[in-house]
Amino acid sequence: MSNKSSIIYIPLTGRLLLPALVVFLLVVGCGVFPESVSVDDTRVQPLLKAAAAFDRAAYGFSSLPTNGHVHLEAKPRSGYDAMLHLGGRTSRTIAFRKNASGYSWIGEQEIFEGPKMYKSVDGTFREEVTLTFEKEHVSGVPLNKLNVSYMGEDPRLGGRVDLSLRDVRPILKEWGY
């Protein structure tokens, strides 16, 4: 076997530099990637207002943050017209559908990280509880039903596919949520 790499490196100079730069700017400028924005951004405020209409406490979701990391996907994609990615104490993704009066909330996923680490074939990760609720198909979970999952090695939750909010609420309280 040869020790030579099969990867070919082409320096971006001369005739290749300008086209590569143009492609990069087009990809970044066309909304393919989520844009880092402030929670006070005028494009974010109507989305947060629509998200506040969802009875998050009844389904175990935490209050909407007033600061922290915010990324906005403002270009419509398959399944949603806009999406917010909110970082902070939890990690949250909220999907929206555009309508005549602005936007409506169509689904949300919130990830709560626990204190323990676990190993999988993909590496070492922090345990987590994930809550997902969708009114329209975004990620493929059953609609109009709270979907609860756990990743980790806690024997109270590990390996179960029928988790409910009742099962995870005591664990989330232990974790400080």
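# Questions about a predicted protein model

User: Where does Asp 81 lie?

Analyst: This is a predicted model in which local features need pLDDT of at least 70, side-chain atom pairs count only at pLDDT 80 or more, and totals for chains, interfaces and linings use all residues. Residues are numbered from 1 along each chain as its sequence is written, and side-chain values use heavy atoms, with hydrogens and water left out. Helices (H or I, at least four residues) and strands (E, at least two) are DSSP runs numbered from the N terminus, and in these terms the place of Asp 81 is the loop between S2 and S3.

User: Is Asp 81 buried or exposed?

Analyst: A residue is called buried under 20% relative accessible area, exposed over 50% and partly exposed in between, with a 1.4 Å probe and protein chains only. Because its relative accessibility is 16%, Asp 81 counts as buried.

User: Which residue has its backbone nitrogen 2.8 Å from a polar atom of the side chain of Asp 81?

Analyst: The side chain of Asp 81 also has a polar contact of 3.4 Å with the side chain of Arg 97; such a contact is a pair of N or O atoms within 3.5 Å, where within protein one must be able to donate a hydrogen and the other to accept it, and residues adjacent in sequence count only if both atoms are side-chain atoms. The backbone nitrogen that lies 2.8 Å from a polar atom of the Asp 81 side chain belongs to Lys 98.

User: Which residues touch the most other members of the largest nonpolar core?

Analyst: In soluble globular proteins, nonpolar side chains tend to be buried together. A nonpolar core here is a set of buried Ala, Val, Leu, Ile, Met, Phe, Trp, Tyr and Cys residues joined through side-chain atoms within 4.5 Å. The largest one has 32 residues, and those that touch the most other members are Leu 84, Phe 96, Val 129, Leu 131 and Val 168.

User: Which helices give two or more residues to this core?

Analyst: Strands S2 (70-73), S3 (82-86), S4 (91-99), S5 (102-120), S6 and S7 each give two or more residues to the core. The helices that do so are H2 (45-52) and H3 (165-174).
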